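Q: Could you walk me through this one before I set anything up? I would like to go over the strands, the cores and the backbone angles.

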Amino acid sequence: MPAQLSLKIEDIKEKNNAKMISFIGDLDATNVEDILENISSLMNEGFVNIVADFSKLRYVNSTGLGIILHFSKVAKEKGGSFKIANVNENVYEIIDIIGATTLLDIFENVTEAVQSL
Amino acid sequence: MEKLQINISNHRDSPDITLMVFKGDLDAGMVKRIEREFAKLNALGRILIIADFSRVKFISSPVVGELMGCRERLIEKGGNLILIKLSKDIRQKFELMGANQVFDVSTDEKTAISKLYWENQNKPDEVNLSFTPNLNLVPNIRTFISNIVLQKGYPHKDVFRIETIVDEICNNAIEHGENGENDEIKLKCLIDKFKIDLRVTNKTNDKNVTQLQQLIDNEDKSNPQQDSKRGRGIRLVKMLSSSLKVEISRQGTMVQITKYKEKETHPEGGLNAGTIKS
């Protein structure tokens, strides 16, 4: 069965075009299309500033990371940003190996990520 | 007190292992006899021993002490002693004496044999899986293999890396191989104390051969900035593995990976790029 991943989407106070999205579970090839659909449709509705809370993201593979990079690119093209916070050690290693640490906005915690919006 | 009998034989399935079946009570008067039997085996080079206690009701503290000494002498020679089928009373006695911290105890012969081979001969455990080319199977497969590796005492960081490697190579086999309903992908894992060897084989066709070859050729030039949502898997596997070998032919694709446990010295050193035969 597909890996379990759910998204918890919340408003960010005083930021009209921003959303906080918590990723809960494993992001891989089996669920990446659903995530792409969900977040793309948010961005198309005008929510172009996203803070992704990865504190409960246990696992990401190269396909999952590809989608994250895609979101980052699309958000910038739309004049927004896709920021990541609370990345665990294992997930960070994957991002680092793929060479994406300089391409993504990575923050220690969501407070800092939100403040940078 | 029931008189002690000790039946000693080569294990029928694993003749390099000695099976000692104890029957009766192991009182203090049996210490010398036990010492002699172990000394004989040691002198013959029979250093992998399973002691079956299923027919033992009583064991004295001096005998437990003697068994500890015998075990130490076996270990000095690269062997070991594993006790199996201890009764509840004997297990409790071991706990009181702290002997449970010293001895390896198993419930059955098969587990004891596996432990002896793993610890003392570094014989790898083998896991073979075959599955249909369905991406939805991959999460369970990677979890299964990573749990085995975790149980085998690999550090958590390595467990995660191995989970990632399994995930990526299975995904690649599905995405770049034949996708017929009756086609199967085979995953073979050999796990020992120092490393894991993974081999994935699957059928392929001309189109997939070209595609995969291009993917591997282009991987070194790949730019993470490219908009492709996919294609980083091979780079990731290369960086996480100790070595990677890829053989592609019209008959099929074989990807072979070795991953050494972290901080173990790797005789070849560093990462190794793929070999492609078409």
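**Strand β7(B), cores and phi angles**

A: Bear in mind that this is a predicted model. In β8(B), the residue B:T201 is the bridge partner of B:K186.

Q: How many bridges hold β7(B) and β8(B) together, and in which sense do they pair?
A: The pairing of β7(B) with β8(B), the latter spanning residues 195-202 of chain B, is antiparallel and runs over 6 bridges, and a hairpin of 3 residues joins the two strands.

Q: And what does β6(B) do with β7(B)?
A: Strand β6 of chain B, residues 125-131, runs antiparallel to β7(B) and is joined to it by 7 bridges; within that pairing, B:V127 stands opposite B:C189.

Q: OK, switching to the cores: which residues touch the most other members in the largest nonpolar one?
A: That core has 68 residues, and those touching the most other members are A:F23, A:I68, A:F82 and B:L187. The element that gives the most to this core is helix α6 of chain B, residues 156-176, with 9 residues.

Q: What is A:I68 in contact with, leaving aside its neighbours within four places in sequence?
A: With those neighbours set aside, A:I68 is in contact with A:F23, A:L27, A:F54, A:F82, A:I84 and A:L104. There is also a second, separate core of 28 residues, which includes B:L74, B:I90, B:F94 and B:A99.

Q: Now the backbone: what is phi at A:E14, and where is that residue found?
A: Phi of A:E14 is near 65°, a positive value in a residue other than glycine, and A:E14 is found in the loop between β1 (5-12) and β2 (15-27) of chain A. Most residues other than glycine have a negative phi.

Q: Is A:E14 buried or exposed?
A: A:E14 is exposed, because its relative accessible area is 79% and the cut-off for exposed is over 50%.

Q: What about B:K85, where does it lie and what is its phi?
A: B:K85 lies in the loop between β4 (80-84) and α3 (88-97) of chain B, and its phi, near 60°, is likewise positive in a residue other than glycine. B:K85 counts as partly exposed, because its relative accessibility is 33%.

Methods
Residues numbered from 1 in each chain as written. Chains lettered and ligands numbered in written order. Predicted model: local features only at pLDDT ≥ 70, side-chain atom pairs only at ≥ 80, totals over all residues. Heavy atoms only, no water. Pairing = 2+ DSSP bridges. Helix = DSSP H or I, 4+ residues; strand = E, 2+ residues; numbered from the N terminus. Core = buried A, V, L, I, M, F, W, Y, C linked by side-chain atoms within 4.5 Å. Buried < 20%, exposed > 50% of the residue type's maximum accessible area, 1.4 Å probe, protein only. Contact = heavy atoms within 4.5 Å.
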